[in-house]
Amino acid sequence: QVQLVESGGGLVQAGDSLRLSCAASGRTFSDLALAWFRQAPGKERTFVAAISWGTYERTYADSVKGRFAISRDNAKNTLYLRMTSLKPEDTAVYYCAADQNAPSDKSSETVDEYGSWGQGTQVTVSS
């Protein structure tokens, strides 16, 4: 099973940008569908963005479209989330997740489809 470690979170002001990273180890990275989820205090974990492993098909939650960009670097075994125009409502713990059973051109928006998770990184956006 793959091990995932997120980094890059922090405290920023509204309108700022951040780039989150997720380093993977333990198995082949290039055939994993990958995603970012987030969880605000007292709320459920929700989908942010995902990327497939074969076609690099990207999907985004409506709330982040046009502001966030997901990417992967298979040579570095790393997943990224570039976040721009951050808003206070983006405040949450951000988790990366991996799905080893996904087809090459699909990625899921569902928490239960992902079998491997990182420990999370806190993003706080002040107004």
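Modeller: Let's start with Trp-117, which counts as partly exposed because its relative accessibility is 25%; buried means under 20% relative accessible area, exposed over 50%, and partly exposed lies in between (1.4 Å probe, protein chains only). A quick word on what you are looking at: this is a predicted model, where local features need pLDDT of at least 70, side-chain atom pairs count only at pLDDT 80 or more, and totals for chains, interfaces and linings use all residues. Residues are numbered from 1 along each chain as its sequence is written, and side-chain values use heavy atoms, with hydrogens and water left out.

Trp-117 has a charged neighbour. The charged end of Arg-45 sits over the ring of Trp-117, at 4.8 Å from the ring centre; for this, NZ of Lys or CZ of Arg must be within 6 Å of the ring centre and within 35 degrees of the ring normal. Elsewhere, Arg-72 places its charged end over the ring of Tyr-56, 5.7 Å from the centre.

Now to the rings themselves. Aromatic pairs are rings of Phe, Tyr and Trp (its six-membered ring) with centres within 6.5 Å, called stacked when the planes are under 30 degrees apart, edge-to-face when over 60, and tilted otherwise. By this rule there are 5 aromatic pairs. One of them joins Phe-37 to Phe-47, edge-to-face, with 5.8 Å between the centres and 75 degrees between the planes. Phe-37 belongs to strand E4 and Phe-47 to strand E5, and this pair links parts of the chain 10 residues apart; helices (H or I, at least four residues) and strands (E, at least two) are DSSP runs, numbered from the N terminus. Phe-37 and Phe-47 are both buried.

Phe-37 also meets Trp-117: the centres are 5.1 Å apart and the planes stand at 55 degrees, so this pair is tilted. Since Phe-37 is in strand E4 and Trp-117 in strand E10 (residues 116-117), the pair ties together parts that are 80 residues apart in sequence. Phe-37 itself counts as buried because its relative accessibility is 0%. Stepping back, one aromatic cluster is formed by Phe-37, Phe-47, Tyr-95, Tyr-114 and Trp-117.

Of the 7 residues of E4, 6 are buried, so the strand is largely enclosed by the rest of the structure. Strands count as paired if DSSP finds at least two bridges between them. E4 is joined to strand E5 (residues 46-51) by 5 bridges, running antiparallel, and E4 and E9 pair over 7 bridges, again in the antiparallel sense. You can follow this at Trp-36, which stands opposite Ala-49 in E5 and has Cys-96 as its bridge partner in E9. The hairpin of E4 and E5 has 6 residues between the strands, and there Gly-42 takes a positive phi near 75 degrees.

Side chains of opposite charge can pair when their charged atoms come close. Here, a salt bridge is a side-chain nitrogen of Lys or Arg within 4 Å of a carboxyl oxygen of Asp or Glu, and the structure holds 4 of these. Arg-38 forms one with Asp-90, the closest N and O atoms being 2.9 Å apart. This pair links distant parts of the chain, 52 residues apart: Arg-38 is in strand E4 (residues 33-39), and Asp-90 is in the loop between strand E8 (78-83) and strand E9 (92-99). Arg-38 and Asp-90 are both buried, and together with Arg-67 they are linked in a network of salt bridges.

Another salt bridge joins the side chains of Arg-27 and Asp-31, at 3.0 Å from N to O. Arg-27 is partly exposed, with 26% relative accessible area, and Asp-31 is partly exposed too, at 27%. Asp-62 pairs in this way with Lys-65, with the closest N and O atoms 3.2 Å apart, and Asp-62 counts as exposed because its relative accessibility is 65%.

Finally, strand E8 has a sheet of its own to show you. An open sheet of 4 strands runs in the order E1-E3-E8-E7 with antiparallel pairing. Its edge strands, each pairing on one side only, are strand E1 (3-7) and strand E7 (68-73).
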